[in-house]
Amino acid sequence: MENNSEDSQGQKKPAHGSMWTVSVVVLVVALGAIVFFNKDSAQLKQQAAGMVEKQDAVIGSVSGETKPSSEEKVFNIVGNNFSFSPAEIRVKRGDTVKIVFNNKVGFHDLVIDEYSVRTPQIQADKSAEIIFTADKTGTFEYYCSVGQHRAMGMKGNLIVE
Ligand SMILES: [Cu+2]
């Protein structure tokens with residue numbers, strides 16, 4: 001009987017042992033899964049954070065592109081004998097400035113020396129354009145370079161703020 005009981009215990013021991021081994025394996029696998037899951041979630045968080053940073057960067061560049069200082073400003077300036085209308089225009093530094101010069105009467109042009117821009121000299125009922133970047137602040141006179149028109153009052157001010 002002792003031998004039997006020993007045998008039965010002996011038989012049970014391996015059974016307990018294999019169950020223990022299974023339990024350990026399950027535990028290790030479970031722990032491993034938890035560790036990997038945490039790593040994955042940490043990586044996901046990092047990726048999410050990276051995506052957020054990228055989105056912020058994109059938003060930043062978009063808002064940079066839409067700054068008021070890089071707008072295109074279009075002005076229609078009418079020429080007469082001997083004046084410009086309007087006689088003052090204002091932009092922000094960095095703006096792209098497009099001036100459409102519509103000549104109503106006489107023979108004129110529109111010149112801004114400091115920005116090295118000028119329209120052709122044109123007849124009445126003609127128009128011409130100049131376009132430039134207002135990259136320096138100040139008050140710059142636009143004028144007609146034909147004859148004595150500038151001295152006769154055919155001038156105005158471009159103000160870059
Ligand atoms: Cu003129």
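Hi everyone. Let me start with a definition: strands here are DSSP runs of E with at least two residues, and helices are DSSP runs of H or I with at least four residues, numbered from the N terminus. Residues are numbered from 1 along each chain as its sequence is written. Please keep in mind that this is a predicted model, where local features need pLDDT of at least 70, side-chain atom pairs count only at pLDDT 80 or more, and totals for chains, interfaces and linings use all residues.

S116 sits in the loop between β5 (111–112) and β6 (117–118). Its phi is positive, about 55°, although S116 is not a glycine. Is S116 buried or exposed? A quick word on those terms: a residue is buried if 20 or more other C-beta atoms lie within 10 Å of its own, exposed if 12 or fewer, and partly exposed in between, with C-beta atoms placed from the backbone. S116 has 8 other C-beta atoms within 10 Å, so S116 is exposed.

Further along, D125 is in the loop between β6 and β7 (126–133). D125 is not a glycine either, yet has a positive phi of about 65°. D125 counts as exposed because there are 9 C-beta neighbours inside 10 Å.

Now for the omega angles. Which residue does a cis peptide bond join to P86? That is S85, with omega about 0°. P86 belongs to the loop between β2 and β3 (88–91). There is also a cis bond from N81 to F82, with omega near 0°, and F82 is placed in the loop between β1 (72–80) and β2 (83–85).

Thanks, everyone!
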